[in-house]
Amino acid sequence: MSRKSEVIGLIIVALAFIVIIQYQKAGRKYTWEKDLDHRVAVDFSKTKEEVKTFIAEYIPNVTDEQIDKWTREKKLEGRVINGEMRYFGRTARNLFRVDPELGHIFDSVEAAKVAARIAAGETVVEEEESNVKNLPEIIFGVKANSSGSHFAAPKRMRIRYSITVDPGAVPAGKMIRCWLPYPRTDIARQGDVKFISAGVHDLTITDPTDKRLIFSHEKTEHNSLYMQSMAIAGKPTTFFEEFEYTSSGEWYDLENMEILPYDTTTEMYKEYTSEREAHVIFTPELKALADSITKGLDNPYQMAKAIFDFIDPYPWAGALEYSTIPNIPMYVYDIKHGDCGQQSLLFITLCRIKGIPAHFQSGFMMHPSGWNLHDWSEVYFEGIGWVPVDMSFGKPEFAVGDYLEKWPESKYFFLGGIDSWRMVVNTDFGKEFYPKKKFPRSETVDFQRGEVEWAKGNVYFDQWDYNMEIEYLN
């Protein structure tokens with residue numbers, strides 16, 4: 001072989017090597033399509049047999065034919081993934097929420113379990129017990145307040161919140177970026193926010209002005225505390241924060257308050273009665289629904305109440321990850337159930353269609369009987385201002401009989417009111433973070449659990465966990 005031919009051969013080999021390397025790099029390159037496929041696969045993680053096993057605990061003779069029937073009726077959520085039917089991870093439990101007859105079966109089995117626990121000497125706390133006491137406390141407090149304040153029954157809490165990233169989720173020596181949820185300071189019913197400490201690994205920072213901590217500013221719709229740290233080989237990475245704050249209940253007696261006509265020329269009115277990608281879209285179906293629900297009504301409060309009444313019977317059910325749903329209100333419209341955020345977005349959209357300003361608000365429910373992620377909304381009435389609406393709390397089940405007779409306002413308390421046990425983190429959905437996030441968030445709509453990423457991509461929920469510890473100070 002000539003020297004020239006040898007050189008050409010080496011060049012060809014080198015070029016081929018470069019092409020292979022670039023191809024391999026391209027295979028690792030982030031794309032939303034691959035990300036979405038992974039998210040859907042995480043959501044739809046159950047086999048038909050696993051779903052059947054859960055249901056059989058309550059319906060021992062359940063058949064494959066029944067499973068297939070409930071799937072066709074959308075009472076069980078399934079998708080074909082890689083040629084196999086896979087089911088949403090929480091769909092088996094949801095079945096008993098969305099079908100009232102099956103719900104009675106589930107309740108009877110669970111009641112027997114609770115009775116057995118009580119018989120064994122265990123203390124059992126009902127989920128709604130906190131609000132049974134808290135709602136009258138707020139109603140009485142607001143009525144007795146001579147200053148006209150609509151806040152009452154303040155609760156002070158000390159919180160330790162943490163995110164733990166799995167070993168190997170980010171390569172050793174690479175920087176992990178983390179956003180933790182932090183209570184807002186621009187919400188009237190939420191105040192006296194006191195930073196105690198934050199840190200990662202063995203580092204604890206007690207000075208809130210330390211440059212290793214970045215607090216989002218008040219104009220950021222998603223309130224966060226940002227930190228970063230290098231991943232260590234074989235070890236989890238735990239980011240944490242500690243703080244105190246006070247949350248008050250809020251309530252407006254809308255039945256007995258004057259609602260003025262809207263000034264439709266203001267920027268506020270235009271913004272909060274407009275469509276918003278991708279989950280406040282005035283589709284033909286939702287326009288027709290809003291018109292049907294509010295037919296014959298022109299008072300904004302009465303229209304909002306009619307929408308509230310329409311959505312209230314929708315069962316609460318564990319939700320698909322919001323980032324996998326193209327249009328959440330239409331999803332709820334189609335499947336006829338939804339979780340707190342999904343029901344809230346449907347309420348907001350229907351209100352905006354009818355010219356009632358509405359926006360998203362979210363964070364956590366902090367009840368002593370159990371904390372959780374939670375979403376709700378606010379609507380604006382001229383002459384009154386913004387008032388809270390918790391669509392998924394709806395009409396409390398305990399607001400009946402003697403309780404309702406004594407506290408008649410409790411039936412529609414959550415249309416113009418909210419309990420004391422909250423932590424507000426967000427005033428809108430799907431907005432920018434501070435500092436900005438490079439890759440799409442794990443939760444592209446809401447922000448509660450937190451967010452994690454590194455230089456090559458987002459770190460999804462299946463690679464980290466979160467925890468909250470609450471100390472009630474009054």
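1. A crossing of two helices is called left-handed if the near helix is turned anticlockwise from the far one by less than a right angle. In this predicted model, helix 9 passes helix 11 in such a left-handed crossing.

2. The axes of helix 9 and helix 11 are 10 Å apart, and the two pack at an angle of about 65°. Angles of 65 to 115 degrees count as roughly perpendicular, and helix 9 and helix 11 are therefore described that way. On the helix 9 side the meeting residues are Glu285, Leu286 and Leu289; on the helix 11 side they are Pro329, Met330 and Tyr333.

3. The largest nonpolar core has 53 residues, and the members touching the most others are Phe347, Leu350, Ile356, Val379 and Phe381. At least two residues of this core come from each of helix 9 (284-293), helix 10 (300-311), helix 11 (328-335), helix 12 (340-353), strand 10 (358-365), strand 11 (372-381) and strand 12 (385-389). Apart from this core lies another, of 39 residues, including Ile176, Phe195, Val425 and Phe461.

4. Which residues does isoleucine 356 contact, leaving aside its neighbours within four places in sequence? They are Tyr262, Tyr272, Thr273, Pro300, Met303, Ala304, Cys351, Val379, Tyr380 and Phe381.

5. On confidence, the protein averages a pLDDT of 93, and 93% of the residues score at least 70. Residues 1-27 have a pLDDT below 50, and this stretch has three contacts in the model beyond near neighbours in sequence. Where pLDDT is low, the predicted coordinates should not be read in detail.

Definitions and conventions. Residues are numbered from 1 along each chain as its sequence is written. This is a predicted model: local features need pLDDT of at least 70, side-chain atom pairs count only at pLDDT 80 or more; totals for chains, interfaces and linings use all residues. Side-chain values use heavy atoms; hydrogens and water are left out. A nonpolar core is a set of buried Ala, Val, Leu, Ile, Met, Phe, Trp, Tyr and Cys residues joined through side-chain atoms within 4.5 Å. Buried means under 20% relative accessible area, exposed over 50%, partly exposed in between (1.4 Å probe, protein chains only). Helices (H or I, at least four residues) and strands (E, at least two) are DSSP runs, numbered from the N terminus. Contact means heavy atoms within 4.5 Å. pLDDT is the predictor's confidence in each residue, from 0 to 100. Axes are lines fitted to C-alpha atoms, for helices over the stretch in contact, and angles run from 0 to 180 degrees between N-to-C directions. Angles under 35 degrees count as roughly parallel, over 145 as roughly antiparallel, 65 to 115 as roughly perpendicular and the rest as oblique.
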